[in-house]
Amino acid sequence: STILVLHGPNLNMLGTREPEVYGYETLADIDDRLRSKAAESGHHLLHLQSNAEYELIERVHEARAEGVDFLIINPAAFTHTSIALRDAVLASDIPFIEVHLSNVHARESFRHHSYFSDIAEGVICGLGSQGYDLALQAALQRIHR
Ligand code: DQA
C-alpha cells in the first residue's frame with residue numbers, strides 16, 4: 001500500500017522554527033523515519049512539503065489518480081484557512097489522519113478551528129513529531145483491515 005504524508009507551509013523550517021513549540025528535529029528527519037518504518041512493514045511512503053496551497057491541492061488530486069491508500073496531513077496554517085484543500089481531500093475520497101506538532105487547543109483561539117478535523121479519521125496534536133509516528137501506526141492498521 002501507499003501512504004502520502006503532506007506537510008503545509010513553514011514546516012520546511014522545522015528544527016529552527018520556534019523550536020520550543022515545534023521541536024529540534026528537521027522535516028527530513030521525520031520523513032526519513034516514517035519512510036523506513038513504512039518500508040519495514042512492506043509499504044511505500046511518499047511525502048511532500050509545500051508553502052503553496054495549489055501544490056498541496058494538486059498533489060492530493062494526483063494521489064487519487066495514483067491510488068494512494070491513506071493520507072497523513074499536517075496542513076499547518078492552512079488548517080485554519082483552506083476550504084480549497086479541504087475540498088480537494090473530500091474529492092480524493094482518501095481516508096486521512098490530521099496531525100499537528102503543537103497542541104493547537106492550548107494556543108491562540110484562531111488555531112482552535114480546523115477545516116479538516118470533522119472529515120478526518122482521527123486527529124493527533126500536541127505530541128510533537130511522535131504524532132506522525134502514531135498516525136502512521138494507525139494508518140497501517142487501517143490499511144490492513
Ligand atoms: C501546526 C499548527 C498550526 O496552527 C500552525 O499554523 C503550523 C503548525 C502544528 O503542527 O502544530 O504551522 O500545524
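Visitor: What covers the buried residues of helix α5?

Guide: In this predicted model, the cover over the buried residues of α5 includes β1, α2, β3, β4 and β5. The buried residues of α5 are Gly131, Tyr132, Ala135, Leu136, Ala139 and Leu140.

Visitor: How do you know that the length of α5 agrees with what a helix should span?

Guide: Helix α5 covers residues 130-144, which makes 15 residues.

Visitor: Why is isoleucine 72 called buried?

Guide: The cut-off for a buried residue is 20 or more other C-beta atoms within 10 Å. Isoleucine 72 has 24 of them, so isoleucine 72 counts as buried. You will find isoleucine 72 in strand β3, residues 70-74.

Visitor: Which residues does isoleucine 72 touch, not counting those up to four places away in sequence?

Guide: They are Ile3, Val5, Phe96, Ile97, Val99, Tyr132, Ala135, Leu136 and Ala139. Take alanine 135 as an example: along the chain, isoleucine 72 and alanine 135 are 63 residues apart, yet 6.9 Å separates their C-alpha atoms.

Visitor: What makes β3 a mostly covered strand?

Guide: Five of the five residues in β3 are buried. Phe70, Ile72 and Asn74 point one way from the strand, while Leu71 and Ile73 point the other way.

Visitor: Where does β3 stand in the sheet?

Guide: The order of the five strands is β2-β1-β3-β4-β5, in an open sheet with parallel pairing.

Visitor: What makes β2 and β5 the edges?

Guide: β2 (44-49) and β5 (122-125) each have a single partner strand, so one side of each has no neighbour in the sheet. On average, neighbouring strands of this sheet are turned by 15 degrees against each other, direction ignored.

Visitor: How do you know that β3 pairs with β1 and with β4?

Guide: Pairing needs at least two bridges between two strands. Five bridges join β1 to β3, and three join β3 to β4, residues 96-100; therefore both count as pairs under that cut-off. On the β4 side, glutamate 98 stands opposite isoleucine 73.

Visitor: Which helix lies across β1 and β2?

Guide: That is α2, residues 27-40, which runs at about 160 degrees to β2.

Visitor: What makes the phi of glutamate 18 worth a look?

Guide: Most residues other than glycine have a negative phi. Glutamate 18 is not a glycine, and yet its phi is positive, about 30 degrees. Glutamate 18 is located in the loop between β1 and α1 (19-22).

Visitor: Which residues are around the ligand?

Guide: They are Asn10, Asn74, Ala76, Ala77, Thr79, His100, Leu101, Ser102, Val104 and Arg111. By class, this shell has four nonpolar, five polar and one charged residues.

Technical notes:
Residues are numbered from 1 along each chain as its sequence is written. This is a predicted model: local features need pLDDT of at least 70, side-chain atom pairs count only at pLDDT 80 or more; totals for chains, interfaces and linings use all residues. Helices (H or I, at least four residues) and strands (E, at least two) are DSSP runs, numbered from the N terminus. A residue is buried if 20 or more other C-beta atoms lie within 10 Å of its own, exposed if 12 or fewer, and partly exposed in between; C-beta atoms are placed from the backbone. Two residues are in contact if their C-beta atoms, placed from the backbone, lie within 7 Å. Axes are lines fitted to C-alpha atoms, for helices over the stretch in contact, and angles run from 0 to 180 degrees between N-to-C directions. A residue is near a molecule or strand if its C-beta atom, placed from the backbone, lies within 6 Å of it. Ala, Val, Leu, Ile, Met, Phe, Trp, Tyr, Cys and Pro count as nonpolar, Asp, Glu, Lys and Arg as charged, and the others, Gly among them, as polar. The expected span of a helix is 1.5 Å times one less than its number of residues.
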